[in-house]
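Let's take a walk through this one, starting with the fold and ending with the side chains. Have the viewer open as you read.

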Amino acid sequence: MAIVSIRWSKSAKNHLKYVQKERGELDATHASDCRLAHAAEDFDNVRSERRKTGGNQTLHVVQSFSPEDSKKLTPEQFNAMGRKLAEEMFKGHQFVIRTHTDQPHFHNHIVVNTVNAETGKKIENKKRLIEQLRGASDKICLEYGLPILNQDARERRARVPFQVQQIARAGKQSWVYDITEKSNFARTYATSFDEYVAILAEMNINARVENKNITYFYPGREKGKRGSKMGYWFDKEGLQKAFGENDI
């Protein structure tokens, strides 16, 4: 299962610096039509040649895989999935990909030059872009034998017995455990409450954000669970800190 999010930047240098930084010993990298160590300069050359130096310089795509799926393929295979996504969606654009492996969930950072080196056209910030990216990512996941969100939801029951055994040993309730697992996954790369809530909704968890609190609602249960009762990282303060760390 992969979830895709996007960020725009008016500074190619900042996003490329973050992506080029090594996070894990198994990190995999790839540069397309640019030099990995000098990608910012190469991006800038294309924008200058096409006389499109203003506005957003890069589109930063984050393709994040679940901890379970991260054990199924090699970092190089995940990197290849990111390359295929970029090549299908942004043909003619320079891009750099780094697969980070320092977390249980492997994830691709794909930084794309917004200006097409072949046509001079610029990627437009339109709502439909994220939907197109998610659709293309789902297709690639299936090609590599990985489930997609809806498929994962249907198959989740098959994993419940093992989870319940873990929960029983920890003295917790299964539905609370399920919320925490999905919240942990969503928090690892969301950069706002809107994005965090949207990711949880895709996994059938509803979250209501209020002025001082956040409440989680599990399918089939009328009463919600306050984030403050689940721990610092599930409440507003902890989430805001995580969003700030992710938004680099």
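What follows covers the sheet, the helices on it, and then the rings and cysteines.

**The overall picture**

First, a caveat: this is a predicted model. The chain has 11 helices and 8 strands. Of its 248 residues, 48% are buried. As for contacts between residues at least 6 apart in sequence, 67% of them join residues at least 24 apart.

**The sheet**

Five strands make up an open sheet, and going across it you meet them in the order β1-β3-β5-β4-β2, with antiparallel pairing. The edges belong to β1 (2-9) and β2 (28-32): each has a single partner strand, so one side of each is left without a neighbour in the sheet. On average, neighbouring strands are turned by 15 degrees against each other, direction ignored.

| Strand pair | Sense | Bridges |
|---|---|---|
| β3 (residues 58-65) and β5 (residues 107-113) | antiparallel | 7 bridges |
| β4 and β5 | antiparallel | 6 bridges |
| β2 and β4 | antiparallel | 5 bridges |

Now zoom in on β4. A hairpin of 6 residues links β4 to β5. Within β4, V96 is the bridge partner of A31, and V96 also stands opposite V111 in β5.

How many of the residues of β4 are buried? The count is 6 of its 6, so to say mostly covered. F95, I97 and T99 point one way from the strand, while V96, R98 and H100 point the other way, and all are buried.

**Helices on the sheet**

Helix α1 (residues 12-20) lies across β1, β3, β4 (95-100) and β5, and runs at about 35 degrees to β4. Helix α5 (residues 127-143) also packs on the sheet, where it touches β1 and β3. The direction of α5 makes about 140 degrees with that of β1.

**Rings and charges**

There are 7 aromatic pairs in the structure. One of them is Y196 with Y216, an edge-to-face pair with 6.5 Å centre to centre and 85 degrees between the planes. Y196 sits in helix α9 (residues 193-202) and Y216 in strand β7 (residues 214-217), so this pair ties together parts that are 20 residues apart in sequence. Both Y196 and Y216 are buried.

Another pair to look at is Y232 with W233: their ring centres are 5.1 Å apart and their planes at 80 degrees, so this one is edge-to-face as well.

Elsewhere, the charged end of R187 sits over the ring of F234, 5.4 Å from its centre.

**Cysteines**

How many disulfides does the structure hold? The number is 0. C34 has a relative accessible area of 14%, and because buried means under 20%, C34 counts as buried. C141 is buried as well, at 0% relative accessibility.

Methods:
Residues numbered from 1 in each chain as written. Predicted model: local features only at pLDDT ≥ 70, side-chain atom pairs only at ≥ 80, totals over all residues. Heavy atoms only, no water. Disulfide = S-S within 2.5 Å. Buried < 20%, exposed > 50% of the residue type's maximum accessible area, 1.4 Å probe, protein only. Phe/Tyr/Trp six-rings, centres within 6.5 Å; stacked < 30°, edge-to-face > 60°. Helix = DSSP H or I, 4+ residues; strand = E, 2+ residues; numbered from the N terminus. Lys NZ or Arg CZ within 6 Å of the ring centre and 35° of its normal. Pairing = 2+ DSSP bridges. Axes fitted to C-alpha atoms, helices over the stretch in contact; angles between N-to-C directions. Contact = heavy atoms within 4.5 Å.
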